[in-house]
Amino acid sequence: MEKQPGAQGSEKAPEEKPLDEKELERKLKKDQKAKEKEEKKLKAKQKEAARLQAQATSEGTKKSEKKQRKKTVEDENPEDFIDPNTPQGQRKLLAPQMAKQFNPTVVEKSWYAWWESSGYFRADSSSSKPPFVIVLPPPNVTGALHIGHALTVAIEDAMIRWRRMSGYNALWVPGVDHAGIATQVVVEKKLMREKNLTRHDLGREEFISEVLKWKEQYGGTILNQLRRLGASLDWSREAFTMDEQRSKAVTEAFVRLHKEGLIYRDYRLVNWDCTLRTAISDIEVDHIELEGEKMLQVPGYTAMVQFGVLISFAYPLEEGLGEIVVATTRIETMLGDTAIAVHPEDKRYKHLHGRYAVHPFNGRKLKIICDAELVDPTFGTGAVKITPAHDPNDFEVGKRHNLEFINIFTDDGKINSNGGAQFEGMPRFIARVAVIEALKEKGLYKDTKNNEMSLGVCSRTGDIVEPMIKPQWFVNCNTMAKAGLEAVRSKRIEIIPQQYEQDWYRWLENIRDWCVSRQLWWGHRVPAWYVTLEDDQVKDLGSDNGRWIVARNESDANLEAQKKYPGKKFQLNQDPDVLDTWFSSGLFPLTVLGWPDDTTDLRAFYPTSVLETGLDILFFWVARMVMMGMQLGGDIPFEKVYLHPMIRDAHGRKMSKSLGNVIDPLEVINGISLDGLLKRLEEGNLDPKELKTAKEGKIKDFPDGIAECGTDALRFALISYTSQSDRINMDIKRVVGYRQWCNKLWNAIRFAMGKLGDNYTPPATIDVSLMPPICKWILSVLNKAIGKTVTSLEAYKFSDATSAIYSWWQYQLCDVFIEAIKPYFFSDSQEFESARAASRDTLWVCLDNGLRLLHPFMPYVTEELWQRLPQPKDSCRKDSIMISEYPSLVEGWTNDVLENEMDIVLDAVNKLRSLKPPTETNERRPAFALCRDQGTATTVHCYQSLIVFLSSVSDLKILKENDDTPADCATAVVNKDLSVYLQLQGALNAEAEREKLRKKRDEIQKLHHSLTQKMDASGYREKAPPSVQEEDVRKLTALMEQLEVISEAEKKLEAKIGSK
């Protein structure tokens, strides 16, 4: 049958079988799904079209913005960017326009004077707020702050500003120390250099006058430097260890401790400095480790002096019994020998027990004694010479065996009459050579051998420390040390980091009585008077220890003497010695608050909250404050002790003026040229040899000088270094990096001011639920940063706090949020109006909270930027950021689900960026995301346009597991469920891609190996909590899956390469 024209294809179809009810329902559902799929495709196309339009608009807008900016620059008035002059003490006047670059000198100007004059630093002893109190470790009054002081200030000011903003009655007490020995050495050097005079040439009164002149000239330097560092100290309570109030307290403490039997006078062995002619404390003794013979330069000697050798010589025995050989590293001290010790079980000397040797130069009989505690019969000859007046071990032997103590040195280190006429008047190291020669003449010299030894050197003068027996004032520390030990064991005092508790226990369990007198002229005179009776045969000061009277003043001493010696004529002479500087410093937490008077400050602020200082003075200062505070103040002086690391130079060397590696914080703040650094050295107190070494050090470390960094960058860098628990290797480059970061903050605010607009008013509250995801995310991570910062500060983990703040500002606010919201502002399109409004409010909230969060660490730049932020309408905002409220967690901001999604998004963005060839900066290429599960695909789809914008690709196509990836793609594994590809269109470097995948494989295999080892370790299954084991299994599975993904990527790469 032929088809009719026009009826082609219209033949009647066979009759369809009618659908039953179930089949009809399935068909309807299928049709509905197909319709929904088509709608989704349509929406996606519309969204993509909108994105492309926005991108096109963005590029067009950027070009027009560039033109506009150029025109604006031409129309700008330079005066609009310059801050007007601010009258002293008034709130800083800011320029109408923000400068284009951060300038620390300009930013830091005027704020401190306003803070101080406004009374923001002052604490109120009648306040109902909880107190938080820190006493500044008092720097030396005549010195200048070094970088270690800057670290102290940065940490303590961060604590005090944080607590002040958190609602505490915060008190930070400033003070300076008279620094007896340090100040006297500096002034003595100056006198010798300028006038060729010693203090003895001048006499005591005139020398003290010179010290006071020096103090007046340089004493204010430190106070000005503290202000430059932004230290929010309560200057109304400033203290000086030798001012009237503190001097009265020192006298009172000495008198009370003496009355309680804790201070006494005795002959003891001390560290003696022959140059200064005074006893010095252990902290002023440096130790040089010698491996053998070493010739060293000693002050006062033109020839080098030999150390690091053991000299053997013989003592002749009485009654012709032969000789006994001994050895010493200090041969000159044999002139003061009073015995020879052997071990009681040493058979070689049993026949000599109780016998005598004869001194070859003075005929003194030296008893041969048995001492198992001192003598090691296997070392040397097994016989030990004993010089009780000049060796710590021999001193104890002398006490045990009731030996004679013979001092052979004058105060300036010459041999005295006790050393014999043959050597009298010789300087000790000249006598060293003379004694050897004299022994050789008598045939008693045996030999000289190399000897490892530790040599004590005074850190102030460089002189070799001489153990000398001297009458001194001592504090009995036994009972006070036990109280200090118990305070730490019971956690009444907490030491941070905890590892230093062991040092505390070791020192206080082995404490010796404390020598508190010094033979100096600058310091607190010992409040003790010596009574010389008219009929005394011997009238030497101090010849009878029973004649001393301790009193608050001479009048009281006179009354006491009349009671003690009724009816007798007498003369009173005050002890010429002064007290150890650590004695007055040890009282500081008490005396700065008014002790011994019962003041409102003492009642309100004692005990203080925390003592922050360097770990090197845990015993010398911290322990003494605890002992004296508990003994005299009736309570612990502080609840916590935070010990910061010691600062070394970038090479790990201890900072020393003579090495030229000391860093002045003001040189970092202001910047300084190399010539300036060298000139500063020339103006110092270094001798010519030290100056040469110091200059070489400066030229090597700072060939281009030091760049201007500003206070904020220096403070932030120093605090960020505190993660290094025992030492900081200080590199100025790190400070420069933070100065550049300040510029980033500056630009963030400049961007914000432009986007907020002149008429923007922040809302009183914000509704997070109505905001775009990117706004919700930034507030959630801000909340996390606030929580991390506060918990870190509470735990004294300051570097963790700075890390949390830095990461949020840098990597989340600036790198992501500010970039992500830019498209909303490319045009005034109504489509993005609600997103723009939410972005503005979120941006303001972030900047307000972020600046307050950062303020304790960077006070100047945060104050300046915060003052520029618009104020909420009808708000009660404080006048200054430093008295505003510190940020706290906001319950409605945390969104863990959103954060997890954004983590995936940002990982994908970073991986795509890493795939771009380094030569390409602006070219946009197509990208692909291979999603292996539905959750990941949903997340990537939801944030598709954000990934495209942040990673600067032309578009992003989402692939499923079985989809083929286009050719010429670079690959990166984001996680086990997500890989990203960037189409390089002929630019693919196969070898580079292989290397990337290989490195990733190695990295994951290392993690896998480490985790496997941990899980296979003995005791793991028994000891590790079930939750930890479950998490480890999950991690191991994820690592295995990532390895599979990499293997697959490698196969695909090889297949593509092979097909070419």
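1. Helices (H or I, at least four residues) and strands (E, at least two) are DSSP runs here, numbered from the N terminus. The model is a predicted one, in which local features need pLDDT of at least 70 and side-chain atom pairs count only at pLDDT 80 or more, whereas totals for chains, interfaces and linings use all residues. Residues are numbered from 1 along each chain as its sequence is written, and side-chain values rest on heavy atoms, with hydrogens and water left out.

2. On the division of the chain: the bounds come from an automatic or database domain assignment, and they give domain 1 (279-469), domain 2 (532-543 + 551-574), domain 3 (732-894), domain 4 (895-988) and domain 5 (990-1059). The centres of domain 4 and domain 5, taken over C-alpha atoms, are separated by 21 Å. Between these two domains, 17 residues of domain 4 are in contact (heavy atoms within 4.5 Å) with 13 residues of domain 5.

3. On the nonpolar cores: such a core is a set of buried Ala, Val, Leu, Ile, Met, Phe, Trp, Tyr and Cys residues joined through side-chain atoms within 4.5 Å, where buried means under 20% relative accessible area, exposed means over 50%, and partly exposed lies in between (1.4 Å probe, protein chains only). The largest core has 157 residues, and the members that touch the most others are Leu 226, Met 730, Ile 774, Trp 809 and Phe 857. Because domain 3 (732-894) and domain 4 (895-988) both give residues to this core, it lies between them. A second, separate core holds 67 residues, among them Val 250, Ala 481, Phe 583 and Phe 619.

4. Phe 857 deserves a look of its own. Once its neighbours within four places in sequence are set aside, Phe 857 is in contact with Ala 158, Asp 712, Arg 715, Phe 716, Ile 719, Leu 793, Ala 801, Thr 802, Ile 805 and Tyr 886.

5. On one helix pair: the axes of helix H22 (residues 732-756) and helix H24 (residues 798-821) come within 11 Å and cross at roughly 35 degrees. These axes are lines fitted to C-alpha atoms, for helices over the stretch in contact, and the angles run from 0 to 180 degrees between N-to-C directions. The crossing of H22 past H24 is left-handed, a term used if the near helix is turned anticlockwise from the far one by less than a right angle, clockwise being right-handed. On the H22 side the contact is made by Tyr 738, Trp 741, Lys 744, Leu 745, Ala 748 and Phe 751, and on the H24 side by Tyr 806, Trp 809, Gln 810, Cys 814, Asp 815, Ile 818 and Ile 821. The residues of this contact divide into 10 nonpolar, 1 polar and 2 charged; Ala, Val, Leu, Ile, Met, Phe, Trp, Tyr, Cys and Pro count as nonpolar, Asp, Glu, Lys and Arg as charged, and the others, Gly among them, as polar.

6. On positive phi values: Glu 319, although not a glycine, has a positive phi of about 55 degrees. Glu 319 lies in the loop between strand S10 (309-316) and strand S11 (323-328), and it counts as exposed because its relative accessibility is 63%. Asn 402, likewise a residue other than glycine, has a positive phi near 55 degrees; its place is in the loop between helix H9 (392-401) and helix H10 (428-441), and at 72% relative accessibility Asn 402 counts as exposed.

7. Asp 664 is found in the loop between strand S28 (646-648) and helix H18 (665-670), and its 9% relative accessibility is why it counts as buried. Not counting residues up to four places away in sequence, Asp 664 touches Leu 145, Gln 225 and Arg 680.

8. Arg 460 lies in the loop between strand S17 (453-458) and strand S18 (466-475) and is partly exposed, with a relative accessible area of 32%. Arg 460 and Ile 280 are 180 residues apart in sequence, yet their C-alpha atoms are 9.8 Å apart in space. Leaving out residues up to four places away in sequence, Arg 460 touches Ile 181, Ala 182, Val 185 and Glu 284.
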